[in-house]
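Student: I would like to learn how to read some features of a protein model. Could we take them one at a time?

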Amino acid sequence: MDPKRLAFPLVIHIAPMLYAPVQSVGRVSSRPCVGSHLSIYNYAQQSPKVSPSPSPLRWYYRGNMSSILAITVSLASLLAGGYLSGNLKLQSPVVFQYFDQPEPNDDGARWRCSPFLPNLFEETPPPADHPAVHAAIGSVDQFLASRFAQGDIDSLSVAVVTANGPLYERNLGVTRGNESGSPPTTSHSSYRISSTGKIFTVLEGLLLEQQGIISWDDPVAKYLPNFTYRLDGLDPESSTDVNEKPPITLFQLASHMSGLGRDWPAGTVSNWPHDMFGGGPPPTNGHPFPTNEDLIEAIAHHHLTSLPWFYPAYSNAGSGSLGLALAAASSAASGDAAVVSYAELLKRDVFEPLGMNGSHFLTTETNKHLVVVPSLAPEVADQDFLDAMNPAGGQFSSLSDLITFTQTLLNPRHPKSLLARFTRDRWLKTAVHAFEEDDWTELGLMWEIIKAPDSYGRLRKIYWKLGAMAGYHSALAIHPGTSYGIVLLMAGHYPDAAQLTYEVFALMQPAIDRALADMATVLYAGEWRDERNSSARVVIDKGTLYVERYTLDGVDALQKFGAQGRLALRPSGRRDEFRLDTGIPGYNGKKHMGCYPYWNGQDLWGVRNNAAINALYFSGSRDARRLHVPSLGIVMQRV
């Protein structure tokens, strides 16, 4: 192999090592929706100037890169590598000239890592009267009404939610499907949300982490001293290395990666293979709901489904153990001799601060008039899951309560938000396990992550948590990229809350994408000029912002970055701030590279005036809107 061809790729792979990450047409809600009366043409006024918030990843130099020697070596390596590879030609004076080599039979945009439009809806959600959104709401209402009319759903409560509140909110059916003459379901009716409640177990853990009470890497045994597990397999002749028994951690419990089984103590299927009676959760498996002691003893007794970290296994036992550990950790931090129950913990830290008055764990004389009872297995409404299983599936919540919770997830600056932005962003970025068996499903910190195409055919992630128990079915889903969510609560015989939720996303997403493009057009698109010799042309194409022309002090800046035509603008996470998404010329758009050159090359170009030379930002509103190039002190206005 020609040694010249090795040099530049070597520099690319070495460069990241200098840095390290540290860690009733559908009832449109009558609730006040801030800014909902504004048309899309007023969005430029909704561009709040906010101070930069902490990023979930901060980059630090490894070693003293401020030394002259290190800087010299780095520059020399970059120049030599580019020159020897043939991707960089040196002229006199020195000029960078990179050349992209299109890949033969390249299928285009897929490998060019085109950034999505900035998430403007976190702070300025779309109004319900935006034409596309209004039409989509009508379609959602017709779809849900048609599905409900099939007769296998007793109660259905659905909301499409933004940070400002619901764009759409509707309740169908009756509170008690097992009785005639029942009152209608309302947004304050309480459904047993079963496994959807596991999200609140992780929320509690995040709150305790923010207070410095726990770390997700803590062993479970730190808070539950009797917590032990078996590492040995089913073959009695196999040996187990006692020195290789790592502790199961809180993080593993929260991500289903502990290896703990689904419902422990497990039921005995005594007549297998003739029938399968005895399986499933309690009490259908013949066991009552376990006490705290029963759960800990079962974990010590049963074999793990697989080794910790090997493969996810859905575990109610793990979720229950997590709730018990968090309650013990909180009590220990408070100096309480008696451990607070999980239900008391959530009431204190989540339900009361958020005003979730319809959320609880037990049907009582006081709240029973609000509890939704399905016609299928109505007895589940009265069951006491006990402290050990309340974290896994005992929670009741109303549509109104989950709307409030969803709003705080969509915007951490919401007045009721419990999570810092750093914590929220990390929670909605964490992908613990990506299933190699498909390219569709992932697992987060209790989130079940799937993908759905946007209006331009690009797959985007949906973070959701599903719940199902007998006649109760629920979904709480977030589309982080465009800051809206769907809450769906259901009782009756029809079981697939996920299917209904996914269909609502499919109906809403084109409208959300249209509204976002309209807002971005008002804020960024157009011709920009200054009084000197600088200009820019910004356009939106298929959900991406591009700079098609970029002249700075009379110089074609796109050419200097090695661009063959336009460059995309990648959001920085700060409102109205971007970087030209240069990638690494010579490697962009290649199948074997994908997004790698784009994140690797994001900060490749150096700074002037303490600003990256590929950075720009916008400010102001309407006629006072400006485009800034901070490295040169250039300020352009739209013409």
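Student: Which residues line the largest cavity?

Tutor: On a 1 Å grid over the protein atoms alone, a cavity is a set of points where a 1.4 Å probe fits but cannot get out, and lining residues have an atom within 4 Å of a point. Here Phe116, Leu117, Asp454, Tyr456, Arg458, Arg460, Thr482, Asp513, Leu516 and Gly543 line the largest cavity. This is a predicted model, in which local features need pLDDT of at least 70 and side-chain atom pairs count only at pLDDT 80 or more, while totals for chains, interfaces and linings use all residues. Residues are numbered from 1 along each chain as its sequence is written, and side-chain values use heavy atoms, with hydrogens and water left out.

Student: What volume does the largest cavity have, and how does its lining divide by class?

Tutor: A volume is the space filled by probe spheres set on the grid points, which are joined across faces, edges and corners. For the largest cavity that gives about 70 Å³. As for class, Ala, Val, Leu, Ile, Met, Phe, Trp, Tyr, Cys and Pro count as nonpolar, Asp, Glu, Lys and Arg as charged, and the others, Gly among them, as polar. The lining has four nonpolar, two polar and four charged residues.

Student: Which residues line the second largest cavity?

Tutor: Its lining consists of Leu203, Phe405, Thr408, Leu409, Ser417, Leu418 and Leu419, and its volume is about 50 Å³. Five of the lining residues are nonpolar, two are polar and none is charged. Helices (H or I, at least four residues) and strands (E, at least two) are DSSP runs, numbered from the N terminus. Helix α10 (residues 399–410) gives the largest share of this lining, three residues.

Student: Is strand β11 mostly covered or mostly open?

Tutor: Buried means under 20% relative accessible area, exposed over 50%, and partly exposed in between (1.4 Å probe, protein chains only). Strand β11 (residues 472–479) is mostly covered, with eight of its eight residues buried. Tyr472, Ser474, Leu476 and Ile478 point one way from the strand, and His473, Ala475, Ala477 and His479 point the other way.

Student: Which strands pair with β11?

Tutor: Two strands pair if DSSP finds at least two bridges between them. Strand β10 (residues 459–469) runs antiparallel to β11, joined by seven bridges; there Tyr463 has Ile478 as its bridge partner.

Student: How many disulfides are counted, and which cysteines are joined?

Tutor: A disulfide is a pair of cysteine sulfur atoms within 2.5 Å. The count is one: Cys113 is joined to Cys595, with 2.0 Å from S to S. The link of Cys113 and Cys595 is right-handed, with 100° about the S-S bond. Cys113 lies in the loop between α2 (68–85) and α3 (131–148), and Cys595 in the loop between β18 (577–580) and α14 (596–600), so the pair ties together parts that are 482 residues apart in sequence.

Student: Are the two cysteines buried or partly exposed?

Tutor: Cys113 counts as buried, at 14% relative accessibility, whereas Cys595 is partly exposed at 40%.

Conventions: 1 Å grid on protein atoms, 1.4 Å probe; cavity = no way out; pocket = protein on both sides within 12 Å on 5 of 7 lines; lining within 4 Å.
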